[in-house]
Amino acid sequence: MTILKNVGMFIGWLAGSLAGVMACLYAFGYVITQVNLNLLGLDLYLFTFDPPFYLIRGATFALYLALYVVVISVVLLPLAGLALFIRSRIARRLATPGEDGRMARLWRRVAAHPHLLHGFGFACLLLLLIGLLRWDGWAWWHWGQSPALVDVLRVRNLLHGPVGADSALLDLFANGDSARLSGYFVQAVRGFLIGALLLYGSWRWSAAFRLRHLMRAPFVLVFVVYGVLAPLTYGVVRVPNEFSRIEILGVENPRGAAPDTFFLLNKTDEAFLLWDALERSVLWVPVGAVRSARVGKRANVTEIRSLTAAGEP
C-alpha cells in the first residue's frame with residue numbers, strides 16, 4: 001500500500017508540474033504572438049489561434065532560450081572557474097599557520113571583519129550591475145534616448161511601412177537582416193543570465209546586513225526587466241514573418257488585383273484573413289463564399305512590401 005501511495009503522489013506531482021509548464025508555455029506563446037502582430041501592424045482582435053499554436057510557439061521560445069543560456073554559460077564558465085580558483089587559494093592561505101607573508105596577514109585581518117568583506121563583495125556586484133546596464137545603454141545619461149532593446153520593441157507596422165525610434169534599426173527590419181536582429185535576442189538572454197547570477201551573488205553578500213532587502217532591490221528589478229524583455233524581444237526579432245501566397249476562387253475581386261498580391265494571414269472556421277499587398281489592408285473573406293483556394297509559396301515581409309512599392313504610382 002505504501003508503494004501505491006508513493007506512486008500516486010508521484011503521478012500527482014508530475015501532473016501538477018506538467019500543468020504548470022504548459023501554462024507557462026501558453027503564456028509565453030500568447031505574449032510573443034501579440035508582440036509579433038503589433039510589429040506587423042495588424043489588429044490584435046482580428047486573430048484567434050488554437051491553444052496548440054500558443055504552446056508550440058512558447059515551446060520554441062523556451063528551446064531557443066535554453067540553447068542561448070547554455071552557449072552563454074559556456075562562455076562564462078572560465079570566469080567562474082577562475083573565481084573559484086582564486087577563492088580556494090585565499091582560503092588555503094588563511095588556513096595555513098605561520099608566516100605566510102603580507103598578503104596572508106592582510107586577508108586574515110579582512111576575514112576578522114566579515115561585514116567589511118561582505119560590503120566589498122556587494123560593492124563589486126553593484127559595479128558589475130552598473131556595467132551591465134551601461135553596456136546595454138541603460139545608463140542615466142542615455143535616458144533621453146531609448147535603450148537598444150526598448151528601441152526594438154518600439155518598431156511596428158512592418159507591413160504598412162516600418163516606424164520606430166531608430167532609423168538604423170528600421171533599416172534592419174526593412175532589409176530583413178535576421179542575423180543582426182537575432183543579436184538583440186542574444187543581448188536580452190545575456191542580460192537575463194548575468195542578472196540572475198548577480199541576483200544570486202547579491203542575495204549571499206547582503207545576508208549579513210539589516211537593509212539587505214533594500215540592497216537586493218536593484219538586482220531583483222534588473223532580473224525582472226530582462227526576464228520580461230526576453231520573450232518580448234523574441235516575438236519581434238526571432239518569429240519568422242512569412243506568409244503564403246493564396247489565390248481564392250469564388251470571390252469577386254473588384255480591384256482586379258493579381259492573385260500573387262494576396263497573402264494568407266490566418267484561417268479559422270468562419271473566415272480567411274488575407275493581406276492585400278497593393279491596398280495594404282486586411283481582407284476578411286467568409287468561408288461560405290469561397291469555392292476553392294490555391295496556396296502557393298511563402299514570402300517574407302520584405303518581399304511583400306516590394307510588391308506594395310511596385311504597385312504604387
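Predicted model: local features only at pLDDT ≥ 70, side-chain atom pairs only at ≥ 80, totals over all residues.
1. The second largest pocket is lined by 22 residues, and those nearest its centre are F53, R57, P240, E242 and R298. A pocket here is an open set of points on a 1 Å grid over the protein atoms alone, with protein on both sides within 12 Å along at least five of seven lines; lining residues have an atom within 4 Å of a point. The volume of this second largest pocket is about 480 Å³, where a volume is the space filled by probe spheres set on the points, and grid points are joined across faces, edges and corners. Two or more lining residues come from each of α1 (2-40), α2, β1 (242-249) and β2 (262-267). By class, twelve nonpolar, six polar and four charged residues make up the lining. In this classification Ala, Val, Leu, Ile, Met, Phe, Trp, Tyr, Cys and Pro are nonpolar, Asp, Glu, Lys and Arg are charged, and the others, Gly among them, are polar.

2. Residues are numbered from 1 along each chain as its sequence is written, and side-chain values use heavy atoms, with hydrogens and water left out.

3. On the overall fold, the chain has nine helices and five strands. Helices (H or I, at least four residues) and strands (E, at least two) are DSSP runs, numbered from the N terminus. Along the sequence the pattern is α-α-α-α-α-α-α-α-β-β-β-β-β-α. Of the 313 residues in the chain, 31% are buried, that is, under 20% relative accessible area; exposed means over 50% and partly exposed in between, with a 1.4 Å probe and protein chains only. Among contacts in the chain with a separation of 6 or more, 64% join residues 24 or more positions apart, a contact being heavy atoms within 4.5 Å.

4. One cavity of 30 Å³ or more is counted. A cavity is a set of grid points where a 1.4 Å probe fits but cannot get out. The largest cavity holds about 30 Å³ of space, and its lining consists of L158, P162, F173, A174, V301, T302 and R305. Both α6 (167-175) and α9 (301-311) supply at least two residues of this lining; the largest share, three residues, comes from α9. Its classes are five nonpolar, one polar and one charged.

5. Aromatic pairs number 15 in the structure. Rings of Phe, Tyr and Trp (its six-membered ring) pair if their centres lie within 6.5 Å; planes under 30 degrees apart are stacked, over 60 edge-to-face and the rest tilted. F61 and Y234 form an edge-to-face pair, with 5.4 Å centre to centre and 65° between the planes. This pair links distant parts of the chain, F61 in helix α2 (residues 51-95) and Y234 in helix α8 (residues 212-237), 173 residues apart. F61 is buried, at a relative accessible area of 1%, and Y234 is buried at 4%. Y64 and Y234 form a tilted pair, 5.9 Å centre to centre and 50° between the planes. That pair also links distant parts of the chain, with Y64 in helix α2 and Y234 in helix α8, 170 residues apart. Y64 is partly exposed, with 27% relative accessibility.

6. Other ring arrangements deserve a note. Y26, Y30, F47, F49, F53 and Y54 are linked into a cluster by ring pairs. Of these, F53 is also listed among the residues nearest the centre of the second largest pocket. R216 lies over the face of W203, 4.1 Å from the ring centre, and the charged end of K267 sits over the ring of F272, 5.4 Å from its centre. The criterion is NZ of Lys or CZ of Arg within 6 Å of the ring centre and within 35 degrees of the ring normal.

7. Two further residues concern the strand region. S244 is found in strand β1 and is buried at 11% relative accessibility. Apart from neighbours within four places in sequence, S244 contacts F262, F263, L264, V295, G296, K297 and R298. T261 lies in the loop between β1 and β2 and is buried at 5% relative accessibility. Not counting residues up to four places away in sequence, T261 touches W275, D276, A277 and L278.
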